[in-house]
Amino acid sequence: MSADYEVKGVVAVITMNNPPVNGLGHATRSGIFAGVQKALADEAVTAIVLTGAGRAFSGGADIKEFNTPKTFAEPHLLQVIEAIEKAAKPVVAAVHSVAMGGGLELALGCHYRVAAPGAQIALPEVKLGLLPGAGGTQRLPRVVGVETALTMIVTGNPVPAEKLAETKLFDRMIAGDLLAGALAFAAEIAARRPLPKVRDVKIELADREAFFKAARATVGAAAKHFPAPLKCVDCVEAAVTLPFEEGMKVERDAFLMLVQTTESKALRHYFFSERAAAKIPDVPEDTPKRPIATAAVVGAGTMGGGIAMNFANAGIPVTVLEVNQEALDRGLATVRKNYENSLKKGRLTQEKFDQRMGLILGTLSYERLKDADIVIEAVFEEMGVKEKVFKKLDEVMKPGAILASNTSTLDVNRIAGFTRRPEDVIGTHFFSPANVMRLVEVVRGEKTAKDVLATVMALAKKIRKIAVVSGVCDGFIGNRMIEQYARQAGFLLEEGCLPEQVDRVMEEFGFAMGPFRMGDLAGNDVGWYIRKRRYAEQPDVIYSKTADLLCEMGRFGQKTGAGWYDYKPGDRTAYPSEAVNTMIVNHSREIGVERRAVGDQEILERLVYALVNEAAYILEEKIAQRASDIDIIYITGYGFPLHRGGPMFYADTVGLAQVVAAMERYAKGRHGRFWKPAPLLARLAGEGKTFT
Ligand code: 3HC
Ligand code: NAI
């Protein structure tokens with residue numbers, strides 16, 4: 001049983017002990033329950049202290065147990081809380097570090113609560129598509145007030161204990177030795193009767209109707225694709241309007257409904273996938289890492305400046321190198337402007353602004369880079385330019401420095417080959433804008449040393465990025481897949497769609513932007529440049545010519561004021577373009593394709609399954625370590641809707657057999673070869689299995 005029991009004087013101490021965060025799995029629940037019974041049976045014991053070992057009071061229900069029989073095994077969390085609340089001896093929760101979800105609900109069931117300053121208090125269930133299911137929505141409003149409780153429940157964000165010190169949540173804050181303080185507190189209150197219960201506290205709220213009307217309007221607008229936040233409001237309202245037990249029933253029913261939803265399953269999948277992405281099977285967590293105290297960036301263009309900001313934001317000094325003073329000044333001015341915007345918006349203090357700008361130094365000389373622990377190259381995407389830079393870096397950088405490339409398409413093994421230390425070379429593919437986007441594909445070259453990989457993964461975490469490992473291939477994981485998506489989007493134009501229809505379908509599905517609006521934002525010339533290379537290298541790969549024709553019209557996107565759509569100065573709204581639509585229709589005629597009305601379902605399936613099929617190849621080739629890594633890349637880097645769980649999870653929810661059946665239908669149309677299911681997809685579908 002994952003809870004320890006000890007009697008100290010006349011106080012029984014029950015310590016949850018289920019590393020890493022004392023998740024309330026079946027064994028822990030049983031341990032607490034048994035501990036309470038034991039303490040009640042022991043005549044020498046006058047009070048009970050409940051606390052957690054290690055780095056948490058409790059992180060809440062054990063989410064790894066969800067949807068397994070153990071979740072339903074008795075004692076349930078509700079039964080444990082009931083046993084505590086009904087205990088004839090006072091139970092004191094000694095809260096520290098983390099009290100979240102079921103952990104906080106457990107504390108709310110105790111008669112008293114003491115806390116260490118700094119403890120993070122939250123009901124984060126909503127982030128998993130759920131709501132507190134063990135009384136949190138009923139008890140928290142009774143102790144911190146309806147408004148604070150509602151904010152905590154619908155956002156899931158943690159609040160430091162000291163901010164709640166004045167509320168009825170905590171009876172005492174204890175600086176210093178928490179257990180000693182809790183024992184002293186328990187001794188003080190041991191004889192007091194009756195035992196206070198949160199359920200008995202009266203809730204006060206003026207103008208209830210107006211309050212909940214306003215809450216629903218705000219929460220509903222922010223929740224969009226997720227059912228949980230509005231359910232949270234229902235439950236808190238029930239806490240205000242109904243007797244306690246009836247409110248508990250409203251909460252219970254809502255929890256049981258939400259736990260079955262795809263949205264919640266997707267969010268839980270995301271939670272574990274994000275943590276899994278950090279793990280590399282053949283690079284154990286205790287692999288020694290190289291110290292990173294200073295960094296350098298070569299190239300201060302779109303990406304280099306953003307990458308440098310990431311280091312400065314994390315307090316790591318970074319030197320940025322450019323080819324000439326003008327380019328350097330331009331790059332650093334952009335960095336300054338970005339920080340100035342944050343300053344103006346109040347997201348950065350003047351002190352932090354000065355500190356961060358002070359950590360970024362510009363130079364034209366490689367000599368100034370040589371002592372950096374890591375250098376990230378972000379120069380033009382041309383092998384010749386990369387070659388020159390890496391040869392120079394090999395010459396000047398100190399031994400043991402990590403040499404990283406931000407290339408988005410080029411062969412990292414070839415780049416490594418330009419140096420005499422390929423084991424120190426790695427790809428770090430940031431996404432644009434690099435100071436904002438959280439994803440980094442960490443590209444593991446054939447010869448990349450394990451400690452280099454481990455160091456870069458840890459560094460990514462330090463600079464608050466989500467790193468996913470990719471093997472070397474053209475486009476790595478994300479861009480290799482998006483290419484197939486973009487190809488299908490092009491074919492759809494030829495067959496009868498216009499950009500606005502395709503974008504609407506994908507945006508209704510939940511993508512932040514459809515493919516054409518995305519192209520206009522990123523710059524259509526980028527794909528044009530890549531396709532020109534492909535036409536020479538892989539002439540058998542067919543693309544729609546519409547995107548090339550668009551670029552020949554000079555319509556590169558928002559930056560040229562025109563792309564797939566028309567734009568007005570100072571306005572990012574995409575207005576359908578007559579000129580483009582005429583070009584598309586004419587092109588269909590020229591290639592002899594009779595335009596037809598394409599249904600929304602077809603658009604969605606062709607674009608998403610194009611991603612899924614390519615992903616299956618990527619998995620089989622071991623370019624991606626696991627299917628969930630691909631979901632993380634698509635959600636964090638490409639705007640794939642979070643509530644759908646990523647392309648792999650989504651395909652699983654559709655059913656892989658259905659995915660393959662749809663592909664077989666499309667195989668009968670134009671470019672039928674495109675729709676040959678990848679062997680892994682065909683196999684899993686045949687066996688009735690899933691990716692994730
Ligand atoms: N159950 C099971 N495992 C959990 C867990 C939980 N509630 N919370 C965290 N873990 C695991 C993580 O999966 C990870 O495992 P790994 O090392 O094997 O990958 C490990 O604990 C450490 O997690 P983090 O890397 O996230 O560690 P941090 O120190 O950065 O953060 C934390 C700790 C703040 C507790 C964070 O993990 C967190 O936010 N966890 C989720 C908390 C949560 O959502 N609780 C509500 C659960 S639902 C519930 O309680 C229902 C109830 O109302 C009935
Ligand atoms: P950019 O053209 O905006 O900037 C490149 C910078 O490198 C320029 O300022 C140029 O002066 C400088 N430069 C060129 N040769 C140099 C040299 N020999 N030494 C020092 N500086 C040199 O290019 P961008 O967009 O920043 O791309 C850089 C790299 O990042 C490329 O490999 C690109 O594929 C990759 N990338 C780009 C993304 C994007 O959305 N722009 C996204 C992800 C990766």
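Two strands pair if DSSP finds at least two bridges between them. Helices (H or I, at least four residues) and strands (E, at least two) are DSSP runs, numbered from the N terminus.

This is a predicted model, where local features need pLDDT of at least 70, side-chain atom pairs count only at pLDDT 80 or more, and totals for chains, interfaces and linings use all residues. Residues are numbered from 1 along each chain as its sequence is written, chains are lettered from A and ligands numbered from 1 in the order in which they are written, and side-chain values use heavy atoms, leaving out hydrogens and water.

Let's start with one sheet. It is open, mixed in its pairing, and has three strands in the order β5-β7-β8. Since β5 and β8 stand at the edges with a single partner strand each, one side of each is left without a neighbour in the sheet. β7 and β8 pair in the antiparallel sense over two bridges, and glutamine 120 stands opposite proline 160 in β8.

| Strand | Residues |
|---|---|
| β5 | 98-100 |
| β7 | 120-122 |
| β8 | 159-160 |

Now zoom out. The protein chain holds 28 helices and 19 strands. Its C-alpha trace spans about 90 × 60 × 50 Å along the principal axes. Of its 692 residues, 54% are buried (under 20% relative accessible area, with a 1.4 Å probe and protein chains only). Looking at contacts (heavy atoms within 4.5 Å) with a separation of 6 or more, 73% come from residues 24 or more positions apart.

Note on methods: Buried < 20%, exposed > 50% of the residue type's maximum accessible area, 1.4 Å probe, protein only.
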